[in-house]
Amino acid sequence: MEARKSEIPFIYNIFPSLLGECDKWLAHVERAVEMGFNWIFINPIHLTGASGSLYAIRDYFQFNPAFFPYDSFDAQKGRLTTFVSECRETGAEVMVDLVINHTAYDNPLTRDHRNWYKTNDDGSIKNPGTKDDQAPGGYVTWGDLNEIDNAHSSDRNNLWEYWWKVVEMYLSCGVRGFRCDAAYQIPNDLWRMIIERSKSKHPECRFFAESLGCPMEQTIDLARAGHDFVFNSGKWWDCRQDWFPDQLRMGEGKVSSICFPESHDTRRLAEEWNRDLDRIKQHYLMTALVSSGVLILLGFEYGFTKKPHVVSTRPHDYEGANYDLTDYIREVNSLKRGHRVFAEDNRIERIDAGNDNLLALRKTTLDGKEAGLILFNRSGDEQHVHLPDLINRAHLSPYKPTSAANVRLPMQAEKLRLNRYGAVAFRLY
């Protein structure tokens with residue numbers, strides 16, 4: 001089977017430390033494809049520095065022996081190339097993490113190309129950090145990392161060419177997607193160079209900017225620099241406040257975004273919500289249908305509760321299934337794939353559902369040719385809605401429900417019962 005040609009990114013994140021050697025990955029790819037995913041995203045697989053963090057890269061041209069236990073770089077690269085080919089035959093393309101804003105503190109580049117790094121006033125190489133309300137002083141510094149000066153290095157041309165060689169190496173293995181770590185911290189001119197060169201060789205390449213935490217204006221700039229997709233913060237939306245729909249409206253027609261119910265940077269939803277299947281299913285439907293694409297982390301479908309750790313996670317942390325959402329995820333993904341209105345960042349507005357416990361969202365494609373309605377029960381109690389009244393408030397009549405997830409709608413349904421935290425979506429026209 002060739003990789004699916006759909007432009008809709010259904011992304012399944014294999015956290016490599018949870019599985020170990022590359023030979024063990026394909027079975028999970030096959031399950032992901034069965035659920036309707038067409039991209040396999042893998043966190044960093046390079047040789048790590050002394051800290052052991054996946055994101056502390058010691059050598060961009062050596063692979064982590066925990067995943068590729070071979071004696072030479074050529075053998076490692078050959079196994080990655082084979083894996084990419086196996087994924088494509090199964091029905092998915094491969095996306096890798098592109099980390100170019102920092103390296104491990106013990107990367108030889110800190111010695112051989114010191115002028116590629118940011119420095120402190122005393123001349124020492126700077127460690128990156130970020131705001132953290134839980135840390136002393138409200139800021140956390142990552143001492144195992146050294147920060148690259150992509151914008152102002154005195155040897156910028158050679159630095160940028162080095163990053164291009166990293167991307168080119170991956171392209172030669174058949175990789176066609178890049179999740180660009182902390183993309184907003186990289187000059188857009190560097191992204192333009194990398195993206196333009198990549199697409200000149202392989203027009204089907206896709207770039208996904210990790211944009212969480214930066215202002216919408218900066219997110220839009222990332223899209224203008226050539227990124228095909230950005231990530232949004234729908235994971236944290238409680239379906240009550242206005243900030244997330246407002247955020248989506250700001251990017252309407254300007255960005256295509258990816259939403260996710262959990263990621264390797266967040267708590268597992270099964271742990272956070274005490275394995276409440278109704279809430280978890282509702283949240284997946286929301287994250288899958290509000291944006292252009294969706295991502296899940298390995299184990300979401302089985303209710304894994306342990307948050308992966310970039311340093312300490314090992315295959316023995318792989319959990320048994322607490323439940324099985326594979327059929328539900330497949331159904332929601334099929335709904336998204338079948339209706340364009342649920343597969344783009346488009347016009348989204350709240351509709352008065354006539355009940356404070358219900359949230360109704362009307363989505364309309366950017367060209368105005370297709371509309372859909374997503375209805376959420378935000379409470380832990382059963383709720384009822386009179387559909388004709390709701391459709392009238394949405395100024396849409398007649399309505400034609402064509403498909404639904406976790407609720408079966410008769411073609412002429414009038415009264416709809418939503419179980420606790422139930423959710424339903426259907427096309428209007």
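Predicted model: local features only at pLDDT ≥ 70, side-chain atom pairs only at ≥ 80, totals over all residues.
First, the ground rules. Local features need pLDDT of at least 70, side-chain atom pairs count only at pLDDT 80 or more, and totals for chains, interfaces and linings use all residues. Residues are numbered from 1 along each chain as its sequence is written, and side-chain values use heavy atoms, with hydrogens and water left out.

Helices and strands here are DSSP runs numbered from the N terminus: H or I of at least four residues for helices, E of at least two for strands.

Let's start with the helix pair. Two packed helices are described by the angle between their axes and the distance between the axes. Helix 9 is residues 277-289, and helix 10 is residues 326-338. They pack at an angle of about 25°, with axes 10 Å apart. So helix 9 is roughly parallel to helix 10, a term for angles under 35 degrees. Axes are lines fitted to C-alpha atoms over the stretch in contact, and angles run from 0 to 180 degrees between N-to-C directions.

Who makes the contact, meaning heavy atoms within 4.5 Å? From helix 9, Lys281, Gln282, Tyr284, Leu285, Ala288 and Leu289. From helix 10, Tyr328, Ile329, Val332, Asn333, Leu335 and Lys336.

Next, helix 4, residues 156-172. Just after helix 4, glycine 174 takes a positive phi of about 100°.

Now glutamate 147. Is this residue buried or exposed (over 50% relative accessible area)? Glutamate 147 is buried, with a relative accessible area of 12%. Its place is in strand 9, residues 145-147. Leaving out residues up to four places away in sequence, glutamate 147 touches Asn101, His102, Tyr117, Lys118, Lys126, Asn127 and Pro128.

Last, two loop residues with positive phi. Cysteine 239 has phi near 65°, and cysteine 239 is not a glycine. Look for cysteine 239 in the loop between strand 12 (229-231) and helix 7 (243-250). Cysteine 239 is buried, at 5% relative accessible area.

Asparagine 274 has phi near 50°, again a positive value in a residue other than glycine. Asparagine 274 sits in the loop between helix 8 (269-272) and helix 9. Asparagine 274 is exposed, at 66% relative accessible area.

How values were computed:
Parallel < 35°, antiparallel > 145°, perpendicular 65-115°, else oblique. Contact = heavy atoms within 4.5 Å. Buried < 20%, exposed > 50% of the residue type's maximum accessible area, 1.4 Å probe, protein only. Expected span 1.5 Å × (residues − 1).
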